[in-house]
Amino acid sequence: MIRVKATREGLVGKTTAIGWVIDSAYPFVALPSHKALGMWIKVSNPLNGKMCCAQVMDVGPFNTHDDAYVFEGKSPLAEQGQSVSNQGTNDAGIDLGEKVWNLLGMKDNTNVDWEFV
C-alpha cells in the first residue's frame, strides 16, 4: 500500500491519455506512468476508512514516466517538486476522478492509500 497526496482531477469532458472522455460516473484515477494505463487499483481515504476500486485511465499528475514510484514504491517525483513542465508541483502522486473523489468522501487534497488489485 502506498500513501500519497491526492488531488481532484476534475476536467469532465476533457480527453485522457488513452482517448477516453472524462465523465463524473466512471471510477478512474491518473498515475504518473503510461505502463499503468488500464490497470485497476484499490484506493482508500485514511481519514474516514472509505475505499473503492478505480481504473487508471490517465497519466499524471505532473509526471508521465515515474515508474519507480508507481511500480517500486519509491516516493513520487512530484513530492520532490519535479515535473515534466519544470513548473513545480503540489506534491500530489495521484489524481482522483470525480466519482472516486466522491466515493472516498474527499473534502480537500489530502493523503490516500492505494495498491494494485
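**Ground rules.** I call a residue buried under 20% relative accessible area, exposed over 50%, and partly exposed in between (1.4 Å probe, protein chains only). This is a predicted model, where local features need pLDDT of at least 70, side-chain atom pairs count only at pLDDT 80 or more, and totals for chains, interfaces and linings use all residues. Residues are numbered from 1 along each chain as its sequence is written, and side-chain values use heavy atoms, with hydrogens and water left out.

**Cysteines.** I started with Cys52, which is buried at a relative accessible area of 8%. Cys53 is partly exposed at 36%. I then asked how far the sulfur of Cys52 is from the closest cysteine sulfur. That sulfur belongs to Cys53 and is 6.9 Å away, too far for a bond. A disulfide is a covalent bond between the sulfur atoms of two cysteines. I counted a disulfide when two cysteine sulfur atoms lie within 2.5 Å. The count came to zero disulfides.

**Aromatic pairs.** I paired rings of Phe, Tyr and Trp (its six-membered ring) if their centres lie within 6.5 Å; planes under 30 degrees apart count as stacked, over 60 as edge-to-face and the rest as tilted. How many aromatic pairs does the structure hold? I found six. I took Tyr69 and Trp114 for a closer look. Their ring centres are 5.9 Å apart and their planes stand at 85 degrees, so this pair is edge-to-face. The pair links distant parts of the chain, with Tyr69 in helix H1 (residues 67–72) and Trp114 in strand E6 (residues 111–116), 45 residues apart. Helices (H or I, at least four residues) and strands (E, at least two) are DSSP runs, numbered from the N terminus. Tyr69 and Trp114 are both buried. For Trp114 I noted 1% relative accessibility.

Trp114 also pairs with Phe116. That pair is edge-to-face too, at 5.2 Å centre to centre and 90 degrees between the planes. Phe116 is partly exposed, at 27% relative accessible area. Elsewhere I noted one aromatic cluster formed by Trp20, Tyr26, Phe28 and Trp40.

**Salt bridges.** My rule was a side-chain nitrogen of Lys or Arg within 4 Å of a carboxyl oxygen of Asp or Glu. It gave four salt bridges. I wrote up three of them, including Arg8 with Glu98.

- Arg8 and Glu98 meet at 2.6 Å, N to O. Arg8 is in strand E1 (residues 2–8) and Glu98 in helix H2 (residues 98–103), 90 residues apart. Arg8 is partly exposed at 39%, whereas Glu98 is buried at 17%.
- Lys35 bridges to Asp67, with the closest N and O atoms 3.2 Å apart. Lys35 sits in the loop between strand E2 (28–31) and strand E3 (40–44), and Asp67 in helix H1, 32 residues apart. Lys35 is exposed at 60%; Asp67 is partly exposed at 21%.
- Lys42 and Glu115 meet at 3.2 Å, N to O. Lys42 lies in strand E3 and Glu115 in strand E6, so the pair ties together parts 73 residues apart in sequence. Lys42 is partly exposed at 28%, and Glu115 is partly exposed at 26%.

**Nonpolar core.** In soluble globular proteins, nonpolar side chains tend to be buried together. I defined a nonpolar core as a set of buried Ala, Val, Leu, Ile, Met, Phe, Trp, Tyr and Cys residues joined through side-chain atoms within 4.5 Å. Which members of the largest core touch the most other members? Of its 21 residues, they are Leu31, Val43, Ile94, Leu96 and Trp114. Elements giving two or more residues to this core are E1, E2, E3, strand E4 (51–59), H1, strand E5 (92–96), H2 and E6.

**Contacts.** I used heavy atoms within 4.5 Å. I left aside neighbours within four places in sequence for Leu31. Its contacts then include Ile41, Val56, Tyr69, Ile94, Trp114 and Phe116.

Ser44 is buried at 15% relative accessible area. Leaving aside neighbours within four places, Ser44 is in contact with Met1, Lys50, Met51, Leu104, Val112 and Asp113.
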